[in-house]
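Please read the following report alongside the sequence and the coordinates.

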Amino acid sequence: MRDCLIKLYAKFQILADEGGQDLIEYALIVGLIALAATAGMESVAKDINNAFTNVGSKLVLYST
């Protein structure tokens, strides 16, 4: 009887383990961050392009 209770206790310990749940939560967070970063890249790319265009036009003015 004691062995049966120990085995039953061990099974419940395995079911109570939530280690895999943390991994899934971290994966979801990383996915959301990647999605937000991808969505924001268009705006950032336009701003960087404008900055380089402005710097390039000022360099042309100063070099002549």
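## Basis of the model

This is a predicted model, in which local features need pLDDT of at least 70 and side-chain atom pairs count only at pLDDT 80 or more, while totals for chains, interfaces and linings use all residues. Residues are numbered from 1 along each chain as its sequence is written, and side-chain values use heavy atoms, with hydrogens and water left out.

## Fold and surface

The chain has 2 helices and 0 strands, where helices (H or I, at least four residues) and strands (E, at least two) are DSSP runs numbered from the N terminus. Of the 64 residues in the chain, 0% are buried; buried means under 20% relative accessible area, exposed means over 50%, and partly exposed lies in between (1.4 Å probe, protein chains only).

The accessible surface amounts to about 6,200 Å², with 69% of it belonging to carbon and sulfur atoms; such areas come from the Shrake-Rupley method with a 1.4 Å probe, and for residues only the protein chains shown count as cover.

## The salt bridge

Side chains of opposite charge can pair when their charged atoms come close. The whole structure holds 1 salt bridge, a term that requires a side-chain nitrogen of Lys or Arg within 4 Å of a carboxyl oxygen of Asp or Glu. Lysine 46 and glutamate 42 form a salt bridge, their closest N and O atoms being 3.6 Å apart.

These two residues, lysine 46 and glutamate 42, are 4 residues apart in helix α2, which means that about one helical turn separates them. Lysine 46 is exposed at 51% relative accessibility, and glutamate 42 is exposed as well, at 54%.

Phenylalanine 52 lies in helix α2 (residues 19-63) and is exposed, with a relative accessible area of 63%.

Threonine 53, also located in helix α2, is partly exposed at 47%, and its side chain reaches the backbone oxygen of asparagine 49 at 2.8 Å.

How values were computed: Polar contact = N/O pair within 3.5 Å; in protein donor to acceptor, adjacent residues only side chain to side chain.
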